Amino acid sequence: MDRNKKGLNVEIGKRLREVRDNLGYTQFQFAEILGVGEEHYRKIELGASGLTVQKIRLLYDHLNIDATYLIAGEKKEGSDIDYFLTNCTNVERREIMHRMFEYMERILNKE
């Protein structure tokens, strides 16, 4: 495997792990969705194996995971909270959740 492909697989694996964590799934559950063994799935997250286009499509069909985010790390603009929480980093997810709780607290305190 050439160096560029390996680097891309590692980046995709990192984003895939973040998405899986954001959704609260285990590696076993993602492996089932993709129709691969758990060990093979671990290799995907580590970047030792890559995702096929068909597997990326399965993730989109089953979980609404954006292929552009997985491959390039780019997020589309918009206000769909499910989309955002699925396709963001853990830091971004914590930040938005913190802001949402602060906002809800302010609203509740006004009543």
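Colleague: What is the mean pLDDT of the chain, and what share of its residues reach 70 or more?

Modeller: The mean is 88, and 94% of the residues reach 70 or more; pLDDT is the predictor's confidence in each residue, from 0 to 100. This is a predicted model, where local features need pLDDT of at least 70, side-chain atom pairs count only at 80 or more, and totals for chains, interfaces and linings use all residues. Residues are numbered from 1 along each chain as its sequence is written, and side-chain values use heavy atoms, leaving out hydrogens and water.

Colleague: Why is glutamate 45 called buried?

Modeller: Buried means under 20% relative accessible area, exposed over 50%, partly exposed in between (1.4 Å probe, protein chains only). Glutamate 45 has 3%, so buried it is.

Colleague: What makes glutamate 45 and arginine 20 a salt bridge?

Modeller: The rule asks for a side-chain nitrogen of Lys or Arg within 4 Å of a carboxyl oxygen of Asp or Glu. Here the closest N and O atoms are 2.5 Å apart, so the pair qualifies. Glutamate 45 sits in helix 3 and arginine 20 in helix 1, 25 residues apart; helices are DSSP runs (H or I, at least four residues), numbered from the N terminus.

Colleague: And arginine 20, buried or exposed?

Modeller: Buried, because its relative accessibility is 8%.

Colleague: How do you know that glutamate 39 and arginine 42 are about one helical turn apart?

Modeller: Because they are three residues apart in helix 3.

Notes:
Helices (H or I, at least four residues) and strands (E, at least two) are DSSP runs, numbered from the N terminus.
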